[in-house]
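Let's take a walk through this structure together, one stop at a time.

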Amino acid sequence: MFSDTLGTYGNGLALPLLRHLLPENKLKQSMGFMVAMTLMAQVVFQGIGSVIIVMLHHNYMVVGLINALTFLLSALLVKYRFGVLCVAEPQMVERKQVSMIRSLGLTLRYLYRNNFLFSVIILTFFINVFGASMSGLINVTLLSVKTMWLVNTESVLLL
């Protein structure tokens, strides 16, 4: 959960960095490419992770150590290339600080005026709420109904 939160935060940092590095007419194309590559990498590496888990006979301690080593390697790479990131970072403009409550109020007023954005946020909220609950229900169902398992040991033995 912690790594996913940091990953989401890191994805949010990409737009200001790209805005500083690229001309405005290349920004949309670059963002689209970055999102496509991120999704493709997620699918590929989740598949690789699943294969590794099976190859290691569900030894999650070893898989966790491999995962930790990849995070360490990423951190070392960022540390090694930190100077390049600092040069590319846009200069911060001093802004007047706004309290969180005031900022929340401004955001809610903006959402109230923008019906489409408000509708998308509400729809996304309900999709996430129902999606999260469905995952748990599916897992409980799969635990109790062995015939729905993809690899049912009883049916494999009968073959």
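Does F130 count as buried or exposed? With 52% relative accessibility, F130 counts as exposed, since the term exposed means over 50% relative accessible area, buried means under 20%, and partly exposed is in between (1.4 Å probe, protein chains only). Before going on, a word on the ground rules: this is a predicted model, where local features need pLDDT of at least 70 and side-chain atom pairs count only at pLDDT 80 or more, while totals for chains, interfaces and linings use all residues. Residues are numbered from 1 along each chain as its sequence is written, and side-chain values use heavy atoms, with hydrogens and water left out.

The structure holds 2 aromatic pairs. In the pair of F125 and F126, the ring centres are 5.3 Å apart and the planes make an angle of 70°, an edge-to-face arrangement. F126 and F130 are stacked, because their ring centres are 6.3 Å apart and their planes sit at 25°. For the cut-offs, rings of Phe, Tyr and Trp (its six-membered ring) pair if their centres lie within 6.5 Å; planes under 30 degrees apart count as stacked, over 60 as edge-to-face and the rest as tilted. F126 and F130 are 4 residues apart in helix α6 (residues 115-144), so about one helical turn separates them. As for the other accessibilities, F125 is partly exposed at 49%, and F126 is partly exposed at 40%.

Now for helix α2, which covers residues 24-55 and includes F33. Helices here are DSSP runs (H or I, at least four residues), numbered from the N terminus. F33 is exposed, with a relative accessible area of 55%. Together with M37, M40, V44, F45 and I48, F33 makes a nonpolar surface patch of about 600 Å². Such patches take residues with over 30% relative accessible area and no salt bridge, joining nonpolar side chains (Val, Leu, Ile, Met, Phe, Trp, Tyr) within 5 Å and like charges within 9 Å. A salt bridge is a side-chain nitrogen of Lys or Arg within 4 Å of a carboxyl oxygen of Asp or Glu.

T38 lies in helix α2 too, and T38 is partly exposed at 31%. From T38 to N11 is 27 residues in sequence and 9.5 Å in space, C-alpha to C-alpha.

Our last stop is a patch of positive charge on the surface, where K96, R102, R109 and R113 gather. R109 sits in helix α5 (residues 100-113) and is partly exposed, at 45% relative accessibility.

Definitions and conventions. Accessible areas come from the Shrake-Rupley method with a 1.4 Å probe; for residues, only the protein chains shown count as cover. Lys and Arg count as positive and Asp and Glu as negative; His and the chain ends are not counted. The place of a charge is taken as NZ of Lys, CZ of Arg, CG of Asp or CD of Glu. Helices (H or I, at least four residues) and strands (E, at least two) are DSSP runs, numbered from the N terminus.
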